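Open the structure in your viewer and keep the selection tool at hand. The stops below go one by one.

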Amino acid sequence: LLREAYTTSIREERGGSYTISVTEEFFQQPVEYLKYTIAFDTNVPMVDELTGCVWDALEEFAKKGPSAQSIENTKLYYTKFAKERSKINKSVMPELIDSVMGVNSANPFNAEIIESITAKDVQKVAKDIYKQKNFSTFLYLPKK
């Protein structure tokens, strides 16, 4: 959902970056925490504007939640992905590695779980993350 929001605001509306990466990790050790990484390349003059887009989208999700259309688009994508993944990935090795690394090994592509997610669920998680104000911004500038 965040990737879709960032693709719209950063790429389509501002032409600031072609690819916006959104990754999440849930760690159980040494304490439980959720880590999101939002990454994109852009021109130096656009950094502040596009970084603002990142915060704006998260704040919007916290206040209003995602749109019904975004939820449906995302469910459709992940349901299709879940079906394809179940055909090819029968190995338990990724789960074993995740377990050793302290990462939650729950299958995020379970069709029943995907279908059960609502806009209110997403809004609650966004609120929880946003109210923590536990953010870091890393900027990698080109050599001069």
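Start with S17: at 8% relative accessibility, this residue counts as buried (buried is under 20% relative accessible area, exposed over 50%, partly exposed in between, with a 1.4 Å probe and protein chains only). This is a predicted model, in which local features need pLDDT of at least 70, side-chain atom pairs count only at pLDDT 80 or more, and totals for chains, interfaces and linings use all residues. Residues are numbered from 1 along each chain as its sequence is written, and side-chain values use heavy atoms, with hydrogens and water left out.

S17 sits in the loop between α1 and β1; helices (H or I, at least four residues) and strands (E, at least two) are DSSP runs, numbered from the N terminus. Show the side chain of S17: one of its polar atoms lies 2.6 Å from the backbone oxygen of D41.

Next, select I10. Leaving aside neighbours within four places in sequence, its contacts (heavy atoms within 4.5 Å) include S17, F40 and L50.

Then select K35 and E25, which form a salt bridge with the closest N and O atoms 3.6 Å apart (a salt bridge is a side-chain nitrogen of Lys or Arg within 4 Å of a carboxyl oxygen of Asp or Glu). K35 lies in strand β2 and E25 in strand β1, so the pair ties together parts that are 10 residues apart in sequence.

Move to E115 and K75, whose side chains meet in a salt bridge at 4.0 Å, N to O. E115 belongs to helix α5 and K75 to helix α3, 40 residues apart. K75 counts as buried at 10% relative accessibility, while E115 counts as partly exposed at 47%.

Methods. A polar contact is a pair of N or O atoms within 3.5 Å; within protein, one must be able to donate a hydrogen and the other to accept it, and residues adjacent in sequence count only if both atoms are side-chain atoms.
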